[in-house]
Amino acid sequence: MEERWTIAQIFDRALLSPIQIYVGVALLLLAVNSQAAAQQGITDDRIIFGQSAAFDGPASSLGTDYRNGLLAAFNEVNRAGGIDGRRLELISYNDGYEPEQAIENTNRLIKDDQVFALVGQVGTPTAQSAQPIAQKNNIPFVGAFTGVSFLRNPALRNVVNFRASYDQEAEALIDYLTGDLGLNKIGVLYQDDTFGRAGLTGINLALRRRNLQPAADGTYMRNTTAVKRALLSIRKSDPDAVVIVGAYKPTAAFIQTALSIGVDPVFAALSFVGGSALAAELDAIDQSVFVSQVVPLFEDIPLATRFKTALDNYSPDTAANFIAFEGYIVGRLLITALQKIGPIPTREKFIELFNKDTRFDLDGLELTYGPDDNQGSDEVYLTEIGKDGSFTAVERKNSE
Amino acid sequence: MTVNRSETGKDQKEQTTPVSPSGSVRSAAAKQHYRFGIKAKLSATLFTLAALTAVACIIAWIVFEQIEAAVTDITAESIPEITLALKVAEISTDIAAGAPSIMASATHQERLDQKQVLDKAIVQLNALIQQWQALGIAPDIAMKFAASSSQITTQLAIMESAVEKKLTLTKQLHEASTLLSRTHNTFLETLEPLVDNAVFDLVITSETSNSDTIEALKSAIEAGTSRLGHLLAIRTNGGLIVSLLREAAGRAVTRLEPRTRLALGQLRQRFDRDLAALRDDDTSDSLRASADTLLVYLDAISSATDNAPLTTDRDTRLTALAAAHKEFLSILTPVIFEARDEIITTIETIAEEQANAMTELVDTGSFKLLHLMSLRAEGNLASGLLSETAHVFDGQLLPPLRERFQASAGQMQRALDELPQTASLQNLRQYIALLLGLGRDTDNIFILKRAELDQQEIAHTALDISQAQSVAMRSAVTDFVLFTQQMSDATAAKAQERIRNSKIIMVLISAASIISAFLVMIVFVGPRIVRPIEETTLAMTKLAGGDTSVDIPGRERKDELGHMAQALGVFRDITIEVQESNLREIDTARRRLSDAIESISEAFSLYDSNDQLVVCNKKYGTLVHPEIADQIRPGLTFEDILRRALKADFIEAARGREDEWLKQRMALHRNPGPPHIMQRVDGVWIMISERQTAEGGVVAVYSDITELKERENELAEKSRALEQLSSQLSKYLSPQIYESIFTGEQSAVVASKRKKLTVFFSDLVGFTEVADRLESEDLSQIINEYLTEMSRIALSHGATIDKYVGDAIMIFFGDPVSRGVKTDALACVRMAIEMQKRLDELTLSWSEHGLVEPMKARIGIATGFCAVGNFGSDVRMDYTIIGGVVNLASRLEHSAVPGRILLSAETYNLIGEEIPCQEHETVKIKGFAYPVKTYHVIDAPLQNDADADRISEKRASLSVDLDVAAMSNEDREQATQLLRDIADKLDKDKD
């Protein structure tokens, strides 16, 4: 009401004097500009990003590691003077891997903190809840830590994915298990929520392509390690291999309990499990555990070297792992995108950049986006957790 | 009234004023002062009418004032009142509309905002009501308003506070709901592993317990049966050994056969092995001791060798063996039974143990699982009930919900009590306590909800009351507006009535005004002013018309009219005097004029502009119209007189064509021109001179010219004879000569003069010979044609033909008319050229007459001075020329080549520039002292053709010299135009 009056008065006065027109319009523009800038999460010296992820509970290491990777990338560019003089900052809220909390956090990040973009949402059900809010406010939703297919819909202009989808991961795992290892009785353990069902769908698709179907399946409740009933039901069909779609703690519990009651199939898990955390939980077992990864093994590629340096610079005590690496890559993607946009970034420019054919080269890792493609990478890397908890790349018999 | 009084006064004064004699009228008029004249009366009348109009205006003014007052009543009082009332209604509507939004507000901020708006509206409302009261309009409504307003304020305050409380409660409820949701979640997540573990434990424990039992049974059965087997083997082997030994002893051999010995050895080994396999216990030991006894005998018997034959005490030994065997068997048999019993007992024990273990598992694992499951179910139910409660809208639903919740909580408590007090359940207990606390503690969801609903109810009630008050206010406003409308309608009606009354008054005044005007007209203006003026006007008109006998009315009046009448009387007297004097003068003039007219010898008539006879003398009748002289009198029209004359048929020219003549005569009469002549039947000629007078009439003088006319006719006859004569003569004379003579330019006297002329001679070569051959008629036709043609050509060139001598022609130029020597010479030469040409044409036609050979003419031309005139005697004269030039021309003709034209040097000098010539031989001519240079025209026909473009003509009143070839186009056009004009002019003149 008051603002309208002010504008009206400006125009009233404008009728009297041309100088006042210019002054009035300039003031108006200035006001609009500064307001817009503040709303866009961008000030003269800062660009603020928001993250809602699990920092406690059975998926806490996912959020923490991802955040470390992101901050390593931000820290790297901030030390180099930021982007056009603006420092990158990240506000993270814990949602405990609960969708309700994720919704609250997302609203808070958008309304109170007025972040430029949401980044690194961990988990499928949480992403499913948070993304519509971001979409409604036309806020970029970048690098969600999930491979669920609904985020891969190109119609979602504000969504920018980095990683390969669960379907692609499931396909790679199933291909290896049924092809290279010749195992046909495949059991599935999945988390009883959208994430788990997304993984299950991917696995079912992959199996159906090979005229197979799951030998058995079992579910567990999110944020619990209540996997024993699932184990009992899977045990009945005595599978050759069990593919696990879940977080690292229940996965580890499942594997350990299975081994303790003498069930010893080949175990495989989707990347979401968090390979390193899983390895740490398992604590040296005498059984093969395969994990599909969406980032390469960070042994001897330039991007990995730079990541390790950045992570060391950011937090020397933090060990490098796949999730942190993914966080770092997404951070680098954000930085490169902002650099491409130029000195006056806006959300719309950012979204526009990813909705046209754009190629990003992150020290050799190539990510491509376009009008029909909001997923940067299609690569899936298979790894095996060794007895000492180390990861080795799986040698494929017949590389496709 | 004043008017009336003044009028009365005036009348009185008029009566008292003495009647002024006519003499004093002039002095009064000079003074221009009438105390009660028409001016005063008219002024008084008009003033009266004006006063009436003013009264009407005043009344109209008052009426307008009243209407204005009425309108002002409506606009200045009713409308603001209505506006105020409508404002009240509007604001009360605003309040009514705004109040529910307080109810609907979700946050305290919203509520406060809405409250602010409402408070403002209420303040406005109160202000309006105060204004209303201050205005003192409809105090009962004001009271109602005030009451309603305070009610609304109170109720809104109640509602507001209720809403405030409700919002606080809602917030608390919301928080409790959130807590409930979280607690429920945590509860489930805590419960899940417990259930999971319970299931797993149950399955795994039962599996373990089963396998243990099977293991125990297996080992028990294994142990039991193997002992039993050994025992049975021992018994069998023992029996076999004994029977083998008996058999050996029975055959009474000293030594055992090797075969028997081997069998015995094997049996002994099995026996020993079975014995060794027996477990060490009391029964086994006693069995072994007994066996040892048996074995001693056995060994004794079986050890019988060749060295120590079993001969001596074989029977004894056999008996001993049998006894030992019997004893062994007596020991062994119970052991076997014992072993069988033991198997049964062990299995029974194990079975019992397993049964116990299963019972234990069900007691602990299954019930635990059951309690956990029931905890989960009841927990879900309880939290669902709480959640439902938090969102319920109907307070009546609260007690049943609470009852069900309490039942559920009791179930949970019982299940929890059944569960062991382990640490792993501690968290669960805590969450359950929290969950149940939401429905049981102070400020639990039920209480909060109840309070919230209560507050809502309070708010609703308050709102309803305030809404009802708002409605009441609005209806009061409607009533008031209706009332005010009625009021204003009444005012309007009152105004209407006033207007109607005023209208009547106005009509009355207007009527009075009109009647007064009529009365003034009838009583005063009509008889006192208009009628006297009319009478005076009539008298004046008559007077102007010359009627001096008219009576002047109103002379006795003492006002302006009276004075005017008196003046008019004076005027009449003067007019009469002047008239008489004028008549006398006119009479005298008329008599004189009449005498004058009569005294002249000619007839005289004067017609006025209407063509009526005004005056004529007697002569006019006798001379012009003697037959109708007696009928002619002034006043008849000219046409009338003529018609009468025509009827009498005495106008010569009109005979047989009376109408036409009449028309002509009338035309002449109307537009008189020069005098014309008219012949009467009796032969009298009359010359008529008519002139138009200034006033459009016609004056005519008629003279008798009969004598004159006769003489003229005589003369004309003579002159006609002369003319005939001269026409006969003309043929023998050159037309110029004839003309000169008959126009009198030259008289036919013998005289001559010297003039420079160009003389022409022509002669047809050899014509004399031809003439002899031809018939005289042909000859005369040929010669006449030739001469006629030549003469025509000569005349066309303006020549004077002197004479023809046979076929020879003599022509000269320069007399009687000369166009200048040079032009004469040129005309002459051109004529000669044309003649030559024409002759060529003529010779062609002559061939028809038998003239075969072509005729050629010789032509000679010379220029010079010679005498010209009439030469001869008094009896016979000839107009001719005499001189050397004539001779020269004649000589040149003779010297000329036939068909050629020979010129003298002088002629050549004149024309040489224009007509190409060639010098010819000089000719010696008689009478000339020196030979004469001659020239002939070259290429005459060509020259002629070339000259066709040139037109050269000179006459007495015509001079043309046109060289077409030398003219530009523009010149030609101008010339054409000029000639056309000339032709037009000539044509016109001809007409």
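Predicted model: local features only at pLDDT ≥ 70, side-chain atom pairs only at ≥ 80, totals over all residues.

How many helices and strands does the secondary structure of chain A come to? The count for chain A is 13 helices and 14 strands.

**Chain A as a whole**

- Chain A has 400 residues, and 56% of them count as buried.
- The accessible surface of chain A is about 16700 Å², and carbon and sulfur atoms account for 49% of that surface.
- Of the contacts in chain A between residues at least 6 apart in sequence, 68% join residues at least 24 apart.

**A pair of helices in chain A**

- Two packed helices are described by the angle between their axes and the distance between the axes.
- In chain A, the axes of helix 8 (residues 228-236) and helix 9 (residues 248-260) come within 10 Å and cross at roughly 50 degrees.
- Angles of 65 to 115 degrees count as roughly perpendicular and those under 35 degrees as roughly parallel; helix 8 of chain A and helix 9 of chain A are therefore oblique to each other.
- The crossing of helix 8 of chain A and helix 9 of chain A is right-handed.
- Helix 8 of chain A contributes A:K228, A:A230, A:L231 and A:I234 to the contact, where they meet A:F254, A:T257 and A:A258 of helix 9 of chain A.
- By class, the residues of this contact between helix 8 and helix 9 of chain A are five nonpolar, one polar and one charged.

**A pair of helices in chain B**

- In chain B, helix 11 (residues 445-544) and helix 12 (residues 560-599) have axes that come within 11 Å and cross at roughly 10 degrees.
- Helix 11 of chain B is therefore roughly parallel to helix 12 of chain B.
- Among the residues that make the contact are B:I529, B:P532 and B:I533 of helix 11 of chain B, and B:L568, B:F571 and B:R572 of helix 12 of chain B.
- The contact of helix 11 with helix 12 in chain B has 10 nonpolar, one polar and two charged residues.

- B:T389 lies in helix 8 (residues 314-390) of chain B, and it counts as buried because its relative accessibility is 0%.
- Leaving aside residues up to four places away in sequence, B:T389 touches B:L398, B:L401, B:I445, B:F446 and B:K449.
- B:A69 belongs to helix 3 (residues 38-104) of chain B and is partly exposed, with a relative accessible area of 35%.
- B:A69 and B:A495 are 426 residues apart in sequence, while their C-alpha atoms are 8.6 Å apart in space.

Methods:
Residues numbered from 1 in each chain as written. Chains lettered and ligands numbered in written order. Heavy atoms only, no water. Axes fitted to C-alpha atoms, helices over the stretch in contact; angles between N-to-C directions. Helix = DSSP H or I, 4+ residues; strand = E, 2+ residues; numbered from the N terminus. Parallel < 35°, antiparallel > 145°, perpendicular 65-115°, else oblique. Left-handed = near helix turned anticlockwise from the far one by under 90°. Contact = heavy atoms within 4.5 Å. Nonpolar A, V, L, I, M, F, W, Y, C, P; charged D, E, K, R; others polar. Buried < 20%, exposed > 50% of the residue type's maximum accessible area, 1.4 Å probe, protein only. Areas by Shrake-Rupley, 256 points an atom, 1.4 Å probe, with all protein chains shown as cover.
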